[in-house]
Amino acid sequence: MATLGSPTNTIAILQKYHFYLQKKYGQNFLIDANILEKIVDAAGVNADDCVLEIGPGIGTMTQYLCERAREVVAVEIDQKLIPILEQETLAPYHNITIINEDILKVDINAIVQEKNNNKPIKIVANLPYYITTPIIMTLFESHVPLDSITIMVQKEVAERMQAGPGTKDYGALSLAVCYYAKPEIIMTVPAGCFMPRPNVDSAVIKLTSYNKPQITVSNEKLMFDIIHASFNQRRKTLVNGLRNAAGLNITRESVLAALKEMGLPPTIRGEALTLEQFATLTQLLYS
Ligand code: SAM
């Protein structure tokens, strides 16, 4: 079978199965073989690997993954794509498991247990842009054994993941990535490499998991609740952001005391704090 990474072959499959692309599922399929090769190369997929692909679409990148990996699991929400994958594009491969589910609902830990004996997996995907952040946060927060995540995302989101304190792109996502993984933008990808063309710029980013988080914090969930509250009201000072946050039960006085102990001014905003400083703040507020 001809590989799918071209406009002609993709159109042929879509027509054969009377498949209409769904905007609500973020269906922008890759049609550039060169970019597909580069993504799989950047992910460093080899014959020992178990790879999870989120949103295989018609199986374009999945074919590349099946050629290189020991085992591939592809989770696709759109039921109409399943016959295309099973009967056509992935039919020649025996190392693929196709799961028709929402990636935010599927038990990824159970997949890793079953398919890779709970050893770290590689995630490779051209993500649906409408749920990029929830997918990344779910992967991190559910503590799935991960080697790396190599994903196509909106260029702006890739920049947010790499941003440091004090920049306009810095936020809860940057801090989560910084805590769990080392980010590296691999390349930007023009809209013409997709069908249909997205109306935003895209980039491939690789997040390589740390064996253990870069900093020690006794209550990780609490630290991220504080981080989220600090960025919810970006234009407010940290003191006002945290004091107003529902569920945190933090008083203005306690935040002021913690900031003083940390040698930070009372007017500081959340966007100026590093991950280490958020960890210290959490410790001081709840010690
Ligand atoms: N991998 C294909 C490619 O590169 O051509 C398709 C990528 S397309 C950007 C995103 C894919 O994710 C679509 O196939 C879409 O149906 C699927 N998708 C969207 N939401 C999903 C979800 N919640 N869970 C699993 N798959 C999802």
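Author: A definition before we start: Ala, Val, Leu, Ile, Met, Phe, Trp, Tyr, Cys and Pro count as nonpolar, Asp, Glu, Lys and Arg as charged, and the others, Gly among them, as polar. This is a predicted model, where local features need pLDDT of at least 70 and side-chain atom pairs count only at pLDDT 80 or more, while totals for chains, interfaces and linings use all residues. Residues are numbered from 1 along each chain as its sequence is written, and side-chain values use heavy atoms, leaving out hydrogens and water.

Reader: OK. What volume does the second largest pocket have?

Author: About 290 Å³. A pocket is an open set of points where a 1.4 Å probe fits, on a 1 Å grid over the protein atoms alone, with protein on both sides within 12 Å along at least five of seven lines; lining residues have an atom within 4 Å of a point. Points are joined across faces, edges and corners, and the volume is the space filled by probe spheres set on them.

Reader: Which residues lie nearest its centre?

Author: K23, G26, N28, P198 and N199, out of 14 lining residues. That lining has six nonpolar, six polar and two charged residues.

Reader: And what about the largest pocket's volume?

Author: The largest pocket has about 350 Å³. Its lining has 28 residues, with I54, G55, E76, N126 and P128 closest to the centre. By class, 16 of the lining residues are nonpolar, eight polar and four charged.

Reader: Which residues come nearest the ligand?

Author: Q27, L30, G55, E76 and Y130, among 23 residues around the ligand (a heavy atom within 4 Å of it).

Reader: How far is a ligand oxygen from the side chain of E76?

Author: 2.6 Å, to an N or O atom of E76. A ligand nitrogen is 3.3 Å from a polar backbone atom of I77.

Reader: Is Q27 buried or exposed?

Author: Q27 is buried, because its relative accessible area is 6%. Buried means under 20%, exposed over 50%, partly exposed in between, with a 1.4 Å probe and protein chains only.

Reader: What about C178?

Author: C178 is partly exposed, because its relative accessible area is 35%.

How values were computed: A polar contact is a pair of N or O atoms within 3.5 Å; within protein, one must be able to donate a hydrogen and the other to accept it, and residues adjacent in sequence count only if both atoms are side-chain atoms.
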